[in-house]
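Open the model in your viewer and keep the selection tool ready.

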Amino acid sequence: MEDANVESGEVDNIGNTVKFLLDCKENGEVLGKQVPPSIYMVPSAIRDLSPTCFSPKVVSIGPLHRHDEHLQGFEIQKQTYLHNWLRRLGTVPNQTLRTCVEKVIQSIEIIKECYGRSVTYNDLELAKMMVIDGCFILEFIQNESEKSSGCNMMITPLIVYDLLLIENQIPFFVLKIIFDCTIVASGRMHINSSFTQHISVLLGYYKVFESNSVVPNVSLDSTTDHLLHFVHKYYQPVEPMPSVFVEANPKGHTAVELHRAGMKFKPNEDENWAMALKLELQLPSSFFSWLPIFTAIPPFSWLQWPTLKMPIVCIHDMSELVLRNLLIYEQFSDVNKYVTSYVYAMDMLIDTPEDVAILVKSKVLTNLSSSNENAANMINGLVKFVSIPDFFYDHQWKDMDAYYNSYWPNTLAGLKGKYFNNPWNVIALIGALVLFALTVVQTFFTIKAANATNVTT
């Protein structure tokens, strides 16, 4: 009888296991039909590389960091911003807030989908959170445009960058709903003439390039996920760029190697794309491939080297935060991997502090970090665990590789690397050349003296 009970228990366990596996299949089908969330927690493998680049320091936006203890002190401040925003309208606050909440509630299911399954709040709690956070963002931006921030000067920059984090977003359409229900409905459009202009106030803080004057045709329709996506659109070209699929990481040469081979680096401003890299080969014909050797000789120094024109990138304390959040958004979203391509290109050019020094001297990189070593480490660390399905500089990199591997540039690079990499080698080379010259002179006079003796004889 006992054996029968055991066998019955085994059958029940097997049945439960089969049911569990079937449920996994059904749940998998449901998940497969869902739209991937646009606001999410960064995978731990990437977060651990630089945790401060993904965690808010002052203010929590949305539900993902709502319970972080160090952010709780600012929750009351957000409510103050909400009331200050409503005070600008000159309308009845109760009715305005009711309209905002009603509009947000109507879209609550779409809002939940933006966060995947990570939202545990009920509909009213989530709607209240969206309205408070949305009003806070709009009022904070207005304060920045008026240079009258309600926070102290130390906290304000931290809040600006908190608003960019992928984990610290609310859906972009929620911001648009609140803007329409408040500013547009009240007729107070003088605050900022449009929603786009209002949000664009923050763009100046997120510029990685010193002279980014390119303004793409940014569309603020339903395809804009959140503020980070809005910023990402400003890193896109005006006209789409052709990309090349790469099965493995592209390979290239460092700035030091290219510099030794005769490559120059110069600032570039492209009307189509802020991150454009343009290679100008001054010696296109193979017949003239030997010319670079003469540019080392003063009489021929007017000959120009091949030049890589680059945007002037500024490395400062927040550059890593901006780039990492743009990178992680590209990795998990169906958008062109423009920033990923640029970071990979810079990673190939920069390997050591010497590479940074060359780019700084060429005025294509401004290094405001503590050292060239820190700047190199930051650039090199960005590409870890990041895949690059498309490379938008494939043509330039192939041309640079072909130039570097041609006879004279490669030989020149070898000579510079061997004899000019430190002062002692230069001194030794000069000494050897002087010794060689003296030997030649001595040999010449010895032979001349011997010939004179023979003639006399």
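Select helix α14, residues 353–361. In this predicted model, the buried residues of α14 pack against α11 (255–260), β2 (264–267), β4 (307–310), α13 (338–349), β6 (365–367) and α15 (372–382). Which residues of α14 are buried? Show Asp355, Val356, Ile358 and Leu359. Now look down the axis of α14: the buried residues fall within an arc of 160°, so they line one face of the helix. Next, click Lys363, which follows α14. The phi of Lys363 is positive, near 65°.

Now turn to the rings. The count of aromatic pairs comes to 20. Select Tyr81 and Phe140: this pair is tilted, with 6.5 Å from centre to centre and 45° between the planes. Tyr81 sits in helix α3 (residues 75–87) and Phe140 in helix α6 (residues 123–146). The two are 59 residues apart, so zoom out to see the pair link distant parts of the chain. Tyr81 and Phe140 are both buried.

Move to Tyr338 and Phe392. The ring centres lie 4.5 Å apart and the planes meet at 40°, so this pair is tilted. Here, too, distant parts of the chain are linked, 54 residues apart: Tyr338 belongs to helix α13, and Phe392 to the loop between β7 (390–391) and α16 (394–405). Are Tyr338 and Phe392 buried or exposed? Both are buried.

Finish by widening the selection.

Terms used. Residues are numbered from 1 along each chain as its sequence is written. This is a predicted model: local features need pLDDT of at least 70, side-chain atom pairs count only at pLDDT 80 or more; totals for chains, interfaces and linings use all residues. Side-chain values use heavy atoms; hydrogens and water are left out. Buried means under 20% relative accessible area, exposed over 50%, partly exposed in between (1.4 Å probe, protein chains only). Helices (H or I, at least four residues) and strands (E, at least two) are DSSP runs, numbered from the N terminus. The arc is that of the directions from the helix axis to the C-beta atoms. Contact means heavy atoms within 4.5 Å. Rings of Phe, Tyr and Trp (its six-membered ring) pair if their centres lie within 6.5 Å; planes under 30 degrees apart count as stacked, over 60 as edge-to-face and the rest as tilted.
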